[in-house]
Amino acid sequence: MLARIVSSANYEHLVGLRLSSSLVTTGLLGAGAMGVVLRARHDGLRRDVAVKFLNPGLVSDDPEALERFLQEARVIARLRHPGLVSLLDAGRFGPNAWFSMELIEGRSLAEALEELAPPAALSALADVADALAYVHREGFVHRDLKPQNVMLRSDGRAVLMDFGLVKDLEAAGLTAAGALLGTPAYMPPEQASGEEEVGPAADIYALGAILYTWLAGRPPYRAPNALNVLFQVLKGPPPAPSEIRDGVPPELEALCLKAMARDPRARFADAHELAQALRAAAGPAPRTGPGRCVLRHPELGDFVLRPGGELTVGREAGRDVRIPSGSVSRLHARLVWGAEPGARPAVVDEGSANGTTVDGELVSGRALLPVSGRVSFAGHEFSVLLEEGEGRALLDEETSRDVVVGAFSLGQRLSGRLVDAFSIHEVLRKAEDAQLTGTLDLTTPRGEAAVTLGMGRIMAVRAPALEGLEALDWVLSAQSGRYRFRPELEPCESTLDLSFARYARGQAAARRKAAARRREEERRAAAPPRPIDPLAVPPRAPTGAPPAEPAHAPAGATASATARPASVRPTGEPAAWLDCPPFDPVPVRGELRVGRDPDCALVLPHVAVSFLHALVRDGPEGLEVEDRSLGGTYLNGERVLLSALRPGDTLTVGPYAVRVEARRPRTRTRPPVQPLELPAQSATPGGRLARVPLPRLLRLLAGRSATGLLEFTTPAAAGELALLRGRVVHARKGDLRGEEAARALLSADKGRFLYHAKRRPPEQSLDLAVEALLDG
């Protein structure tokens with residue numbers, strides 16, 4: 001069925017909500033069929049952001065709406081591309097959900113399409129095609145591409161938004177067979193029929209329909225209602241744009257009609273090919289300046305480096321790129337760009353504690369910035385884009401490090417010179433971005449090699465007396481030589497079939513961990529040995545001789561009464577305990593997993609915690625922690641990859657502080673209470689009110705994610721407290737309301753209570769976790 005359109009008239013009650021300690025909604029930006037978008041102020045970042053709510057009318061009417069909304073948040077969090085909006089945070093508000101995004105200050109493509117000149121319009125559509133190519137490579141289909149879902153930044157670059165109908169090609173979908181989701185005017189026939197499987201070709205059709213709208217001045221199909229539009233889509237192709245408006249260039253009309261072919265196989269092979277065609281039609285943009293290098297962070301914003309300039313990076317105030325994090329050094333790195341002709345921007349690591357990486361490669365000293373890639377300072381990642389004065393990617397065909405992506409189109413030849421080990425890395429990375437199919441020949445002083453590519457993936461590698469991953473490592477170590485790409489495929493047996501980008505990231509992570517392990521071993525070797533008390537360790541007895549008695553033992557004492565060596569633990573005793581209130585302490589024996597996954601020994605249920613966040617080991621040289629997360633693990637305030645642990649240390653895992661204790665922490669006992677057992681949900685238990693049973697009752701209800709109403713009668717006044725899925729959403733005591741009333745009820749020391757299971761709250765004025773209320 002078609003998504004139901006909901007009026008955007010009555011959403012003022014969502015303005016002024018405090019969604020977190022630093023996020024408050026300030027105004028309404030717009031509303032659609034699935035969501036409501038508001039402007040919000042983030043006090044911590046000191047900037048405005050966009051917050052999207054699930055449409056309140058769908059929370060109870062459509063059981064799949066909430067799951068689809070959460071899937072949109074997960075997809076946006078996973079995708080990182082300059083042409084896509086960035087996710088900042090997510091959370092729940094009562095039965096509804098929300099997530100915050102980067103706020104794009106500009107106009108939608110629907111508002112600006114008629115005003116755009118041909119080069120600007122085609123360039124914006126090419127930006128959307130680039131973003132779609134990345135989305136398709138990651139295994140997703142947008143399915144709702146239309147001008148309203150594309151925003152234009154102030155510099156004219158397009159940003160793709162609204163993944164509410166996104167489809168994961170590798171997972172079971174939420175859409176039932178025959179269901180229709182999307183906008184009919186931009187929907188391809190296979191999506192409108194609801195019968196065929198919808199793939200990336202559907203997004204190519206929709207982008208062609210947007211181009212049609214710009215050429216003809218109206219959408220491809222028009223009718224009084226959505227149902228009639230669907231009938232037209234299924235009936236046949238729309239009239240050519242030249243039949244509606246005069247002066248349509250024939251080459252653009254042919255491009256548009258190819259993208260909108262009714263047979264998906266007759267459209268462009270992929271979105272990257274469509275982007276190339278759009279940029280070729282737009283023509284070269286005039287260069288108006290020497291260019292710039294833009295570093296973009298979803299929270300910190302954009303930073304611009306120009307030729308002859310320099311930017312300092314660090315956590316201290318006054319740095320050009322200030323990253324307020326304890327894992328970043330005071331002066332972490334410098335970004336420099338020489339003024340001489342042909343100079344390239346570079347990053348210089350200033351001996352930082354947690355390192356600088358460029359596209360996953362650890363920087364040792366100085367490294368050139370990529371034309372389009374990523375640079376990370378202690379895990380804080382920035383996207384990098386090298387531009388001309390008009391905002392075009394700065395591509396230098398004279399140097400082998402700047403491989404022109406457009407020149408990688410099939411049927412063309414590309415060759416160049418390898419100047420260092422990273423040249424071949426960039427060649428393979430650009431080949432993967434362009435989804436090349438062919439053979440890459442290399443000639444080096446050590447011998448010749450060939451890399452077979454299939455749609456950008458490395459299928460096989462041939463090197464002198466090597467094959468498979470060993471041959472690939474040999475190719476990646478090439479320091480000099482020449483390379484040549486041929487679009488012809490040579491017969492070979494596919495032995496690899498891997499993504500170079502993922503392989504390079506895995507190799508870089510392995511190198512970082514090996515380097516961290518070496519540093520830790522060097523630190524332990526350089527540390528002075530611990531003093532040994534000769535009275536604490538008995539001398540080694542000869543083989544077969546009885547154990548010697550210590551000199552300080554009284555006469556007649558047996559060997560079993562001697563002091564135990566300090567380095568020896570009793571059998572079965574753990575090396576340490578991890579204590580993270582309010583969770584139970586966990587003993588460390590062997591290897592212990594910390595993360596969000598229920599299979600971990602220490603489960604920390606928070607979105608900021610990775611499923612496998614860290615490993616804590618009891619190794620031969622003592623305790624150590626190894627980071628396995630995306631957000632980082634911090635030891636006493638400093639981010640670590642691999643480090644030794646000692647009793648008294650504190651690990652920061654997401655929002656949790658985990659204390660390392662030598663002995664089992666004292667059991668957190670609660671005052672003795674009368675056992676309180678709740679019957680089935682349909683029952684109505686009651687009881688005597690006392691200061692101790694009430695918190696226990698709330699904990700029991702919260703642990704079961706209960707929904708119901710607690711009525712209280714005390715000598716002072718009557719009151720009530722409502723729960724929704726285990727969270728306190730309403731409280732009343734006499735004339736008091738809200739959190740003040742809830743705390744007043746908790747202070748009551750006598751009276752009676754009655755619990756009504758499954759009774760909906762009379763109103764929702766709170767959204768408090770029970771533990772937060774009790775701790776306060």
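Trainee: How does helix 9 pass helix 10, in a left-handed or right-handed crossing?
Mentor: Left-handed. That label applies if the near helix is turned anticlockwise from the far one by less than a right angle; clockwise is right-handed. Helices here are DSSP runs (H or I, at least four residues), numbered from the N terminus. This is a predicted model: local features need pLDDT of at least 70, side-chain atom pairs count only at pLDDT 80 or more, and totals for chains, interfaces and linings use all residues. Residues are numbered from 1 along each chain as its sequence is written, and side-chain values use heavy atoms, leaving out hydrogens and water.

Trainee: What's the angle between helix 9 and helix 10?
Mentor: About 165°, with the axes 11 Å apart. Axes are lines fitted to C-alpha atoms over the stretch in contact, and angles run from 0 to 180 degrees between N-to-C directions. The pair is therefore roughly antiparallel, a term for angles over 145 degrees.

Trainee: Which residues of helix 9 make the contact?
Mentor: Leu252, Leu255 and Lys258. From helix 10 come Glu273, Leu274, Ala277, Leu278 and Ala281. Contact means heavy atoms within 4.5 Å.

Trainee: New topic. Where does Ala353 lie?
Mentor: In the loop between strand 17 (346–349) and strand 18 (356–358). Strands are DSSP E runs of at least two residues.

Trainee: Buried or exposed?
Mentor: Ala353 counts as exposed because its relative accessibility is 56%. Exposed means over 50%, buried under 20%, partly exposed in between (1.4 Å probe, protein chains only).

Trainee: How far apart are Ala353 and Glu638 in space?
Mentor: 8.8 Å, C-alpha to C-alpha. In sequence they are 285 residues apart.

Conventions. Parallel < 35°, antiparallel > 145°, perpendicular 65-115°, else oblique.
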